[in-house]
Amino acid sequence: MKPVRVLVVDDSALMRKLIPQIIESDDSIQVVGTAMDGNFGLRKLEELNPDVVTLDLEMPGMSGIDMLKAIMRHHPVPVIVVSSHSTDGASVTLKALGLGAFDFVAKPNDVSTRMSEIAQELIAKIKAAAQGKGISVTPLPPALYKRQASKANPDLAAVPTRVVVIGVSTGGPNALQYVLSQLPGDFPGTILVVQHMPDGFTDMFARRLNETCAIQVKEAQSGDLLLPGRVLICPGNRHMKVKKLPLGSVAILTDDSRVNGHRPSVDVLFRSAADEFGSLTIAVIMTGMGDDGAEGLGAVKAAGGMTIAQNEESCVVYGMPKAAVERGYALRVVALEVLASTLQAQCSGDNSSRDRGLGGRSARAGQN
Amino acid sequence: MSGKDERGAELRELFFETAAELLQALNEGALQLEKTPADPEVVRSIRRTVHTLKGDAAACGYRELSELSHEMEDALALESASAHASLADVTFAAADVFTDMLAAYRRSKKVPDGSTLRAMIRKLAATPSAKKKTRKSDTKKSIGSQWTEYEQLTITTALEQGRSVVHVTVTLDPQCAMPIAGRQLLHSALKNLGDVLAQYPPASSSSVGRVVEFAVATTKTIAEVSARAKIPTVASKVKSELLEGRAAKTNKAASATAIAPTAPVVPAPALNLESVSHDPLAPSGTPHQPENILRVDAERIDNVLNLVGELIIGKSMLQQALNELVADDPKHPVRGKFVDAMGFQARVLNDLQRSVMKIRMVPVEQLFRRFPRVVRDVARQCGKDVSLVITGENTDLDKSILDTIAEPLTHLVRNAVGHGIESTTMRTAAGKPVQGTIRLNAYHQANQVIVEVSDDGHGIDVERVRAKAVEQGLISSEEAARLNETEVLRFIFQPGFSTAQEVTEVSGRGVGMDVVQSVLQRLKGTVDVDSRPGLGTTFRLRLPLTLAIIKALLFRVEQRLYAIPLNAVVEIARSVESEVHQVDHYEVLTLRNEVLPLVRLGRPVAFGSEATAKKLFVLVITVAERKFGLIVDSLEGEEELVIKALDDHAISTDLVSGASIMGDGRVVLILNLAAVIEHFARSRSAGTGSVLSGLLLSHADRARMSQSAAGGHA
């Protein structure tokens, strides 16, 4: 097999040594060159024509963001951002993802003790990027709905029609942005999202979404109510579950150990939703590597809920949806472009009757 | 595996190289910032440098450096910070601290904690206009108070139903060892009164905060609720109030007032937690990284050290046994094996001892750190301009010694600023720079650590000390005239001696120098002073590396075994009684044209021709820069001694500072040389009329001796 050829762009001499060392521990990866800033990086990009670029965003001269823009314009190639935990690290990383970076790897502060873990992650992402269909940033549709001023102070007693649970990984930030920006502020269902992302990034991620979407988006806190028109993003490094309580339903965060190697894990959320809400659950498995969420989707299906997988064409990485589809857990397979309208239809109109029966389910399944 | 280690070492080497360049860039950035303050481009480049340093340090596992640079990077991201006037200073400080940290990592020494820098960084970030901070608190407001949304819902629902809801704020008793269990107890107590609608911190939380809040729907009065919550030994303070309308606002105000008064009473560790969790800049929700540092009770280390000491005694016992065996049968077949095994054991024991000692060692920086502030404060009080230069702060010293010298050293530094450095006008008149300089220095010398405090002031006026000593009746004027400068200066360590003209707040009350001296004696160290008129004064503290084990020279006096620290011994001379001369009331020996005062520890020889030919050993020692000869009967060799402290009941003289047990079970007494010399000097100046000797004799022995001496004279 032809090795994946990688260009490492980083202003730290140490990182230019360390990153090749750790990723070349995998035989199928070959580092063809390194560059210390954006200008060199672009020159080497032309010269070496690598399959994947790893990119540090903080560099002197031409910054990582500028280089990323230039790459996407002139020489599109998958870029994996090597990001750091700092106040601005999350913000600039999310910006890079918006500009078309394939994915990112966060260097935690205790990076030296978790080196092998990070190496595994980086290697997996490089391989996924190399196998991907290159980069296709789906241009965002014009915002359908105006932001509502009142969304900061929601009615705590409001009850959602359905509980939508979404699991997503690589390619998620852009895909979620795409879907959520097309939902109205008075979306009748409540949405919970597990996006594989380290802590420190999810808060910024939720804030950015909240700024650009009509629907309210916030990083979940334990005890947050599941309200209509609200999206709760599970914070990094925690698990999110749901629970019905006498006065309303809430999200609960836990520190249980990793599931499928992930925390947050999509399976944890999906299974909990299936247990608590059964047929009122709508589970959506979206773009991402691996198979986290596939079994959870099965649990939702078994509990009589609706299960949806993003279609292969619109996925950056067709991994998690593929696992669910192959196991027969997805009742519907839909493209990113129509996901919002699908959710809208599922949560409102004739489905909004609060029946707990399974009657509606077979009908929906039939539509598929 | 070894390949990995090699790779790690190679990476670290690369790190040190590149980090040096980054620090250089940081210094250059700071310089540039001084020229063009708040230049956004310069600030950005500084931030990038710090960012790279942070990432590299993290990759090499240098946690402290990575965390500190992380904090700095975050602070630099704030808009207010770049406009901050002190940014250049902070950057300089950062470059220095980072350099120190790098040096510490390279030498695997203790890493300076950079607390000063951290404080500077926090100050940068704490400017009220800090952009991020306001944004953060904005979202906080919109989310609500400490109650979860569900709890808020339950509270408002209860209020809407016309129930009365009491907000209870309980401050846990600082003595309450288990705050989580305490919370549980409170919860059960309140449950008996009605419905507990909300609790903060949540029941499942492992937070050990000292303030717990509840919202209880109840028919009871506030007073009844308070009474119920006031569980002895759990709750130290309870505040209850009725909630009305929107719960969130009341709670916010209540929690703020509840936290403020409790802060001072919480014990230090809890206080830290408290302040961390309330720090608006601390990344919220990030769990504390497990530290790779163990905090161990000093007592436990002492226990280990004690056991090591016992092992050393055991080693001596074995050696003794081996010697006896060899003496009996020099060709014993297992002798070679025995010697090898002993050698091996000795090496391991040596390493073990050193490792344990190293645990107790801390850099004097821990102590020096406090002095910039001391100097600044005292200088301000006196209206002087004084700078402090610290060097050698990485010198390691036994923690207990470090703690003990803190006070004397502070005294010396205060004195140096208050009295050593002249007033600004005097300095100008003397043609000196207006700013005075205090230097703190520490370094290793042989088996000792030297800590120096020097100033560039006017020095100590020797003549005034001489006059004062006579005035205070410490010495006769004839004797005073004979003393050289060093000897005169020693008077400043006498209790109650002060040359300061007036008593000031800073110093000059005549207490202190003698305390310095006595503390140093207790530590088996010494203090001496070196003063040059018009140029300044240096106080030099000589401290043992450790208190627990010494290399000692063993000797016999009157059949008894004694020891003195080997590092005090300059040389060992052999002589005969006839060489010892009497001058005034003391004995001297001329050693290579130098007159050496002698201290006779045992009884003097009787007069007689055969006695004058008797050979004797003279141990030449230096105590506080003065040379003495100790006359001893015989030498026993050198040995590592594990000092066993003697309590006051066991021994009534300060001449002996401790004891040790030899391998063969014999007890050896360790002499306190400083006290011996003190005794010697005192009885000499007292002029008792007889040669001082027999210091180490028992009362009975001495009585007999003075009788015979009196007889001899008569």
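These legends describe several close-up views of a predicted model. Residues are numbered from 1 along each chain as its sequence is written, while chains are lettered from A and ligands numbered from 1 in the order in which they are written. In this predicted model, local features need pLDDT of at least 70 and side-chain atom pairs count only at pLDDT 80 or more, whereas totals for chains, interfaces and linings use all residues.

**View 1. Strand 6 of chain A and the strands that pair with it.** Helices (H or I, at least four residues) and strands (E, at least two) are DSSP runs, numbered from the N terminus. Strand 6 of chain A covers residues 163–168, and six of its six residues are buried. A residue is called buried if 20 or more other C-beta atoms lie within 10 Å of its own, exposed if 12 or fewer, and partly exposed in between, with C-beta atoms placed from the backbone. One side of the strand carries V163(A), V165(A) and G167(A), the other V164(A), I166(A) and V168(A), and both faces are covered. Two strands pair if DSSP finds at least two bridges between them. Strand 7 (residues 190–195) of chain A runs parallel to strand 6 of chain A and is joined to it by six bridges; here V163(A) stands opposite T190(A). Strand 12 (residues 281–285) of chain A also pairs with strand 6 of chain A in the parallel sense, over five bridges, and I285(A) is the bridge partner of G167(A).

**View 2. A β-α-β unit in chain A.** Strand 6, helix 6 (residues 172–180) and strand 7 of chain A make up this unit, which is right-handed. A crossover is right-handed if, with the strands pointing away from the viewer, the path from the first strand over the helix to the second runs clockwise.

**View 3. Strand 9 of chain A and its partners.** R230(A) and L232(A) point one way from strand 9 (residues 230–233) of chain A, V231(A) and I233(A) point the other way, and all are buried. Strand 7 of chain A pairs with strand 9 of chain A over four bridges in the parallel sense, with R230(A) as the bridge partner of T190(A). Strand 8 (residues 216–219) of chain A is parallel to strand 9 of chain A and joined to it by four bridges. R230(A) is also the bridge partner of Q216(A).

**View 4. A loop of chain A with a cis peptide bond.** The peptide bond from R263(A) to P264(A) is cis, with omega near 5°. P264(A) lies in the loop between strand 11 (248–254) and helix 8 (266–277) of chain A. N260(A) is found in that loop too. Its phi is near 55°, a positive value in a residue other than glycine. N260(A) is partly exposed, with 18 other C-beta atoms within 10 Å.

**View 5. Helix 9 of chain B and its buried face.** Helix 9 (residues 179–191) of chain B has 13 residues and reaches 18 Å from its first C-alpha to its last, close to the 18 Å expected at 1.5 Å a residue. The expected span is 1.5 Å times one less than the number of residues. Its buried residues are P179(B), G182(B), R183(B), L186(B), A189(B) and L190(B). An α-helix has 3.6 residues a turn, so residues three or four places apart point the same way. A181(B) and S188(B) are exposed on the face turned away from the buried side of helix 9 of chain B.

**View 6. Helix 16 of chain B.** F371(B), V375(B), V378(B) and A379(B) are buried in this helix. They cover an arc of only 100° around the axis, which puts them on the same side of helix 16 of chain B. The face turned away from that side carries the exposed residues R373(B) and R380(B). After helix 16 of chain B comes G383(B), whose phi is positive, near 65°.

**View 7. The contact between chain A and chain B.** Residues are in contact if their C-beta atoms, placed from the backbone, lie within 7 Å. The contact takes 35 residues from chain A and 36 residues from chain B. Helix 2 of chain B gives the most to the side of chain B that touches chain A, with eight residues.

Key: Two residues are in contact if their C-beta atoms, placed from the backbone, lie within 7 Å. The arc is that of the directions from the helix axis to the C-beta atoms.
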